[in-house]
Amino acid sequence: MSESITLTDAGLLPEDLLPDVSLLVTEDDEPLDNLPSEKQQRLLTETLYSSWNGASNAQGFLVAANVGLFPSNKQPPIVPDVFLSLDVQVAENWWEKRHRSYFFWDFGKPPEVVIEIVSNREGNETGRKILEYARMRVMYYIIFDPTRQLGGEVLQMYELQGRQYIPMSEQWLTEVELGLCLWEGAYEGKRDIWLRWCDATGNMIPTGAERAEQERLRAEQECLRAEQERSRAEQERSRAEQEREAKETALQRAERLAAQLRALGVEPEV
């Protein structure tokens with residue numbers, strides 16, 4: 001009888017059963033991407049690290065761009081433009097080869113979300129890749145096709161049901177507690193239509209720069225409110241002072257009148 005292999009409580013292979021990755025090609029050192037895709041990848045990764053606390057009850061998350069996914073050590077990896085994985089931690093010694101890529105046996109699970117950014121027809125996003133991600137059991141598969149290279153919608157979202165992907169009717173990823181939306185605006189000085197993360201109410205998760213600007217505007221508004229309160233307090237004090245002076249003037253006038261009446265032998269009525 002062959003010896004069975006079981007996972008640890010953490011969902012990981014025991015140390016003595018980890019595959020040998022010394023001969024695996026984890027990176028080829030020959031990146032070849034285009035400027036729009038690179039900036040879009042950074043927008044999707046930087047935003048979560050800057051302004052997202054992760055899903056509820058999840059112990060950390062990892063979002064990365066152009067990192068290989070290795071479901072096993074017997075087949076080549078697939079490299080999505082962006083992926084998001086919940087309940088995982090990057091190893092402290094991440095420069096070691098056995099921790100430099102996303103090995104399923106190391107992290108114990110596939111990512112929840114993979115995103116492909118289409119710039120040409122070479123990626124086969126609706127063919128080979130959609131089948132491979134389904135085999136990997138990736139929960140959500142997202143295709144962002146800003147120039148409609150594939151002839152479909154700009155944003156295509158799929159959810160794994162059974163062994164195949166089903167098109168999603170909404171843009172909310174329930175299991176990740178994040179949404180995706182299209183946004184027309186300027187990011188790092190370049191105006192375009194961008195793919196953005198958003199919350200349940202449709203508000204975009206801000207980048208670090210946007211968050212800083214929001215904080216600056218909030219601080220300015222607080223200062224303005226404080227100045228308005230100070231001005232109102234000054235006006236109230238001024239009004240109270242004017243009323244006090246008016247009462248004193250009226251009292252002095254009444255006293256002068258009473259003195260004049262007494263001088264004429266008339267006792268003024270009090």
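Trp52 touches Thr47, Phe61, Leu84, Leu86, Val176, Glu177, Leu178 and Ile205 in this predicted model, where residues up to four places away in sequence are not counted and a contact means heavy atoms within 4.5 Å. Trp52 also belongs to the largest nonpolar core, which has 26 residues and in which Trp52, Leu84, Leu173 and Trp197 have the most contacts; such a core is a set of buried Ala, Val, Leu, Ile, Met, Phe, Trp, Tyr and Cys residues joined through side-chain atoms within 4.5 Å. At least two residues of this core come from each of helix H1 (35–51) and strands S1 (61–65), S3 (82–86), S5 (113–117), S6 (140–144), S7 (155–161), S10 (178–187) and S11 (190–198). Another core, of 21 residues, lies apart from it and includes Leu69, Val88, Ile130 and Tyr158.

The protein contains four helices and eleven strands, taken as DSSP runs (helices H or I, at least four residues; strands E, at least two). Of its 270 residues, 34% count as buried, that is, under 20% relative accessible area with a 1.4 Å probe, protein chains only. Among contacts with a separation of 6 or more, 58% are between residues 24 or more positions apart.

The mean pLDDT (the predictor's confidence in each residue, from 0 to 100) is 87, and 88% of the residues reach 70 or more. Over residues 1–10, however, the pLDDT is below 50, and this stretch has seven contacts in the model beyond near neighbours in sequence. Where pLDDT is low, predicted coordinates should not be read in detail.

Residues are numbered from 1 along each chain as its sequence is written, and side-chain values use heavy atoms, with hydrogens and water left out. For this predicted model, local features need pLDDT of at least 70 and side-chain atom pairs count only at pLDDT 80 or more, whereas totals for chains, interfaces and linings use all residues.

Definitions and conventions:
Buried < 20%, exposed > 50% of the residue type's maximum accessible area, 1.4 Å probe, protein only.
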